Amino acid sequence: MSDQVVCPGDRLVSAAEYSAGHGTHVRDGYVCASLVGVKQVTKTGGQKPLVEVIRRGSQPLVPKPGAAVTAKVTKVNPRLASAEILCIGTKPVDQPFNGIIRVQDVRATEVDKVEMYSSFRPGDIVRAEVLSLGDSRSYYLSTAKNELGVVYAKSVAGQPMVAISWQEMQCPQTKATEKRKVAKVTA
Amino acid sequence: MEFVSPEGLRLDGRRPKELRKLRIKLGSLDGTDGSAFVQLGNTKVLAAVFGPRGAPTGARSSAISCVIAVSAISVQGDRRSKERLGRQATEFSRALTNAMEQLVPADILKNACIDVHVQVLQADGGLFAACANAALLALANAGVPLRDICAACHTGLLESTALVDLSAQESMQQAPQAAILYECRTQSIAIMQTDNKMSTTALEELLELATEGCIALVTAMRQALISSTVQQLSTSAPHASAAQRRD
Amino acid sequence: MAAAEITDSLEADAFKKLYPDQFYARFIADGIRPDGRPLGRARTASIGLGAVSTADSSALVKFGNSTALAGIKLEIMVPKDDTPNQGQLSIAVEMAPMCSPDMRPGRPSDAAQVLVEQLNNALLASAKAVNLDDLCIDPGKAAWVAYLDIYVLDSDGSLADVTLLAAVAALATLRLPHVAVTDGGNVVPSSEAAEAAAPDEMAVEPTKLQLRSVPLALTCGLYKDQLIVGLTAEEEALVATSVTTIVDDQGRLIGQLKAGGRAEMDIARLQDCIEAAKLRYAELAGILQQAITQYDGSG
């Protein structure tokens with residue numbers, strides 16, 4: 001492996017012949033490095049080859065629209081649920097990002113009949129999708145797909161509950177059921 | 001006391017254009033996203049970076065913040081000198097924050113914030129230059145995208161000689177001084193600070209010398225970043241080849 | 001069950017982040033901790049003396065990632081009227097903003113205040129490690145005030161242990177210059193010191209501050225009824241309660257603090273903590289002595 005380690009500011013290749021990928025920026029007609037890392041060129045069929053700078057070790061992860069995330073619900077009110085994004089894909093973030101699930105993004109059907117308290121409770125772990133960057137403080141998240149929603153929740157008795165339908169979970173100790181927007185986990 | 005001997009030597013035996021011994025250690029603070037320890041002669045500073053990460057509750061004026069703290073144990077004199085340095089540190093923190101906002105791409109800053117903390121452990125002149133250099137190294141170490149690696153340098157005119165990288169003793173004289181944060185690729189000055197009045201010719205001379213000093217520092221900083229990464233890569237290479245064998 | 005289904009698709013790191021308690025419980029059930037240590041072992045300590053030359057004495061101490069830098073600067077003061085023979089030891093602890101991702105600069109930290117209290121108790125009130133009479137220069141006229149500043153640079157648990165060791169190391173290597181008070185009330189290098197030095201001899205060495213006792217601390221926690229020794233920050237968040245025990249070189253109990261928590265401890269458990277602290281003491285005292293000998297030897 002030919003390691004060519006580059007530094008921020010280093011000129012890599014001409015911007016006319018290559019496209020700028022992760023870890024690079026374009027300046028004065030050149031693709032330049034933005035990170036300390038290894039320069040990597042990938043040939044894309046038909047288009048300009050892609051130049052990237054790959055850092056070893058943890059990249060500072062930032063949620064992007066369309067990304068699947070796992071978050072922990074912190075607050076619930078009638079209009080929205082606040083959650084801390086803990087994982088992007090299968091990788092944990094170093095610092096939690098704030099996310100919001102609005103009432104219209106909880107599920108795909110019967111959007112006007114959604115009750116937030118019957119969908120989420122503080123402490124629930126949910127799988128969601130990033131919709132957009134939202135306002136400057138939080139990302140907008142959506143659970144409006146069958147496979148999105150609550151994946152782990154504790155009952156009022158403090159026991160982890162078992163999913164029994166797409167909108168109910170049961171406490172194994174007290175047998176009481178609680179309403180949630182449950183994620184359908186395919187076996 | 002003469003600061004430049006007839007043979008052209010300074011109090012610590014250096015030549016006018018000679019920088020003090022530079023030592024850089026990256027990534028020594030485990031809980032941070034990136035860190036850098038910089039020692040320039042007897043000045044020691046430690047910088048740490050947290051971010052990019054989610055915006056905290058409460059209003060912030062900018063997505064990137066840089067705060068320099070001067071430890072009480074770092075100053076030569078008594079606790080009053082620490083207060084004075086502390087005030088200068090606040091002023092410089094703001095200038096450094098502004099400079100960094102220009103160096104980090106806007107889309108990273110849009111919805112995430114970056115905190116840079118610098119702690120002065122030992123102060124012997126060239127303080128804010130050391131802090132700026134450490135802050136930039138820590139950002140690069142944290143993998144925050146940067147437009148360029150910049151360096152900062154401090155110069156002064158004593159006994160009609162332009163000196164680079166002043167020690168505390170040299171900077172205590174009421175001589176013209178100039179410190180800059182310099183961007184090598186664009187050959188431009190991001191921050192400039194002067195002390196005591198001086199002629200424009202003197203200023204030009206100091207800026208030219210400071211530029212030379214910054215270029216030398218950037219070379220050393222780049223080298224430190226590259227060798228740290230090469231070292232990391234060589235320790236992880238066995239994993240990479242094992243993964244290839246599995247495929 | 002929901003949790004089990006997702007574990008397969010999550011990496012260890014992600015599982016640890018989402019379900020930290022389950023992650024930790026799995027290790028403890030096997031008798032070790034995530035970093036490989038047995039339940040009864042604290043982290044290795046490293047001590048660097050004289051790290052900061054602008055201070056009159058300094059020590060950089062690390063337990064794993066937990067890092068504290070202690071420095072002492074001496075200044076002259078006029079002794080207080082009611083204690084004319086005593087100087088002063090002023091202790092301050094600062095949690096550097098870089099020590100933890102949750103720190104915001106400018107906001108005074110409760111944790112720092114707690115540490116200052118513990119240090120004051122350990123060094124002055126309970127252990128009387130420092131005798132303030134030793135800091136007197138001229139009764140009623142001049143005395144030393146030693147400003148002991150401790151900076152927590154990396155906060156990864158067991159802060160009471162790290163800061164106390166750093167403070168002790170800095171105090172153990174502190175040298176008080178020989179000075180005398182002139183008629184004008186100024187403090188100058190002692191003329192006795194100047195006279196005593198023969199022409200071909202080095203000037204008289206400043207005197208070392210004598211520590212009357214050497215207290216060291218160990219923080220232990222209780223997790224699912226197991227005693228965990230030498231906690232990291234992650235462990236401190238997971239244990240039901242934690243206890244800090246301070247013992248000194250003569251095996252005396254200087255102090256023990258169990259500050260609430262979700263679980264109670266009986267006397268036997270608290271005794272276990274004291275025993276663990278004594279074992280740790282032997283370990284740390286050895287490392288400290290070695291560091292001091294090396295430091296003194298290098299001049």
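The contact between the two chains draws 22 residues from chain C and 23 residues from chain B, two residues being in contact if their C-beta atoms, placed from the backbone, lie within 7 Å. On the side of chain C that touches chain B, strands S3 (66-77) and S6 (142-154) of chain C each supply at least two residues, and S6(C) gives the most, with five. Strands (E, at least two residues) and helices (H or I, at least four) are DSSP runs numbered from the N terminus. This is a predicted model, in which local features need pLDDT of at least 70 and side-chain atom pairs count only at pLDDT 80 or more, while totals for chains, interfaces and linings use all residues. Residues are numbered from 1 along each chain as its sequence is written, and chains are lettered from A and ligands numbered from 1 in the order in which they are written.

Within chain C, helices H4 (residues 110-126) and H5 (residues 159-172) pack at an angle of about 50°, with axes 10 Å apart; axes are lines fitted to C-alpha atoms over the stretch in contact, and angles run from 0 to 180 degrees between N-to-C directions. The contact includes C:Leu115 and C:Leu119 of H4(C), together with C:Leu159 and C:Leu164 of H5(C), among others.

Turning to confidence, chain B averages a pLDDT (the predictor's confidence in each residue, from 0 to 100) of 87, and 91% of its residues score at least 70. Confidence in chain B is highest in strand S1 (residues 22-26), at 96, and lowest in helix H2 (residues 106-111), at a mean of 76. Over residues 239-247 of chain B, pLDDT stays under 50, and the model has zero contacts beyond four places in sequence for these residues. Where pLDDT is low, the predicted coordinates should not be read in detail.
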